[in-house]
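Visitor: I would like to learn how to read a model of this kind, feature by feature. Where do we begin?

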2 protein chains.
Amino acid sequence: MAHVCDPTLVFRQLFEKVSSTYTYVLADANTREAIIIDPVIETVDRDIKVINDLNLKLLYAVNTHVHADHVTGSGQIKQKLPGVKSVIFDMNAKADIYIKEGDSLQFGSKKIEFLSTPGHTNGCVSIVCHTAKSVFTGDALLIRGCGRTDFQQGNSALLYDSVHSKIFTLPDDYVVFPAHDYTGQTNSSVGEEKKHNPRLSKAKEEFIKIMANLNLPYPAQIDRALPANLVCGIQN
Amino acid sequence: MAHVCDPTLVFRQLFEKVSSTYTYVLADANTREAIIIDPVIETVDRDIKVINDLNLKLLYAVNTHVHADHVTGSGQIKQKLPGVKSVIFDMNAKADIYIKEGDSLQFGSKKIEFLSTPGHTNGCVSIVCHTAKSVFTGDALLIRGCGRTDFQQGNSALLYDSVHSKIFTLPDDYVVFPAHDYTGQTNSSVGEEKKHNPRLSKAKEEFIKIMANLNLPYPAQIDRALPANLVCGIQN
Ligand SMILES: [Fe+2]
Ligand SMILES: [Fe+2]
């Protein structure tokens, strides 16, 4: 119920208003080696300023999945900070590093671990940082919600199983940091979502019915975002 | 450089998009007694749902000052959660509890302390929570910025002295949680702002010149917000 609680971890949550996307910066407070999760192309300059002000050395730009609602900032970051490596799980996307279930990435003495949580897309991962007691859930689990399952190989039964078997089995006090929030909430916890998520706290059959009846509009940026994100962003 | 790091404190940061206002909920994790800082009228229902989901008992709705850019949610919260007391520093405003420099408020075993930090308005306070190593700076200190000083008894020389004598004398690793951010940043630290704030890291004379030449537009919601906020929000 508290927040990221590791004094040797630098942590910053950042927000991009148009797509309501959260970007995260994590770093080892001693070595200053850092990663960024889900950067957005529109806010790359802000993110790089934060990284420079905090005197961090960025190693990896990680995307939780191939986003359909905004263009990733990974490509621009790689251009502006040479040496940074893009990281993705999805084998259909182009990136410097492909991770798979159970892999981890090291930055200084800190580590993030990857859990395959498909359903919103096939290549969705959730990222766990055990020392921070945090999980970055991408669009698999949102605060009192979840990502849509009507595009990009979306599969609501699969999403339900992913969240229940991978995220909801983490300790209840782990902080949930999603890729988006549309209501101004910045985080939640595993215990809270297990109890209060209006979709995922339900039985599987009911969840599938809810997801089939959302009637969401066509994603505003999908035609621009998907081709760009399949190559980890616009690089030039 | 880490985040709110007190496992016995419940902490939640919330955002209202139209006025770019941050609202904060703090509670004792054991007794569940809670306070809310700078609620916004438009997001009262969201805030109350968070408070109820987290099984908290709200004692106080605290405003860091009489806001000119949004209507406080204090009045509506008092209506919807009877027993909650509104708290303000400004003697020109109406509230249940007036606090003064050096006062503190208790919720369970937790405590916040008030520092008078005038300059944006005469009644601006900054709120320190030592166990969370955090300071809620209202509009006195923003991330890489500060509140305007051209309305509501604004005085840039006074604001400079407030920030330097009250906020910048806190430990460098104290997290800065402002009342607003317009760039999607969620927090900063005292050490960071001392070094990187483009206004307040300057000498006093230069700061006064910067503030005199901002040429900001008339505050969008001031004519609606000020009369309401002087009585701690719309109550009926
Ligand atoms: Fe997505
Ligand atoms: Fe203000």
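Visitor: Which residues coordinate the iron ion (ligand 2)?

Guide: The model is a predicted one. Ideal angles at a metal are 109.5 degrees for four tetrahedral donors and 90 or 180 degrees for six octahedral ones. Here the iron ion (ligand 2) is coordinated by NE2 of H65(B), NE2 of H120(B) and an OD atom of D139(B), at 2.1 to 2.4 Å. Water is not among the atoms, so a site may look incomplete.

Visitor: What spacing do the donors of ligand 2 follow along the chain?

Guide: The spacing is H-x54-H-x18-D. H65(B) sits in the loop between β4 (57-62) and α2 (74-80) of chain B, and D139(B) in the loop between β10 (134-138) and α3 (156-167) of chain B. The two are 74 residues apart, and the pair links distant parts of the chain.

Visitor: Which residues coordinate the iron ion (ligand 1)?

Guide: For ligand 1 they are H65(A) and H120(A), each through NE2, and D139(A) through OD, at 2.1 to 2.4 Å. The donors of ligand 1 are spaced H-x54-H-x18-D.

Visitor: Where does UniProt place the metallo-beta-lactamase domain in chain A?

Guide: An unreviewed UniProt entry puts that domain feature at residues 20-180 of chain A. In the model, the end C-alpha atoms of this span lie 6 Å apart, and the span is 18% helix and 31% strand.

Visitor: How is the size of an interface stated?

Guide: It is often given as the accessible area lost when the parts come together. Chain B and chain A bury about 2,800 Å² between them, with 50% of it on carbon and sulfur atoms. The contact takes 31 residues from chain B and 31 residues from chain A.

Visitor: How many salt bridges does the rule find across the interface of chain B and chain A?

Guide: Side chains of opposite charge can pair when their charged atoms come close. The rule finds four salt bridges across this interface. One of the pairs joining the chains is D53(A) with R144(B), at 3.0 Å from N to O.

Visitor: Which elements give two or more residues to the side of chain B that touches chain A?

Guide: They are β1 (9-16), α1 (44-53) and α4 (190-196) of chain B. The largest share, seven residues, comes from β1(B). By type, that side of chain B divides into 12 nonpolar, 10 polar and nine charged residues.

Visitor: How many salt bridges are found over all chains?

Guide: A search of the whole structure finds 34. In chain A, D173(A) forms a salt bridge with K133(A), the closest N and O atoms being 2.7 Å apart. D173(A) lies in the loop between α3 and β11 (175-178) of chain A and K133(A) in the loop between β9 (125-129) and β10 of chain A, so the pair ties together parts 40 residues apart in sequence.

How values were computed. Residues are numbered from 1 along each chain as its sequence is written. Chains are lettered from A and ligands numbered from 1 in the order in which they are written. This is a predicted model: local features need pLDDT of at least 70, side-chain atom pairs count only at pLDDT 80 or more; totals for chains, interfaces and linings use all residues. Side-chain values use heavy atoms; hydrogens and water are left out. Contact means heavy atoms within 4.5 Å. Buried area is the accessible area (1.4 Å probe) that two parts lose on being put together, summed over both. A salt bridge is a side-chain nitrogen of Lys or Arg within 4 Å of a carboxyl oxygen of Asp or Glu. Helices (H or I, at least four residues) and strands (E, at least two) are DSSP runs, numbered from the N terminus. Ala, Val, Leu, Ile, Met, Phe, Trp, Tyr, Cys and Pro count as nonpolar, Asp, Glu, Lys and Arg as charged, and the others, Gly among them, as polar. UniProt positions are given in the numbering used here, feature names are shortened, and annotations may be inferred rather than shown by experiment. Donors are N, O and S atoms within 2.8 Å of the metal (3.2 Å for Na, K and Ca); water is not among the atoms, so sites may look incomplete.
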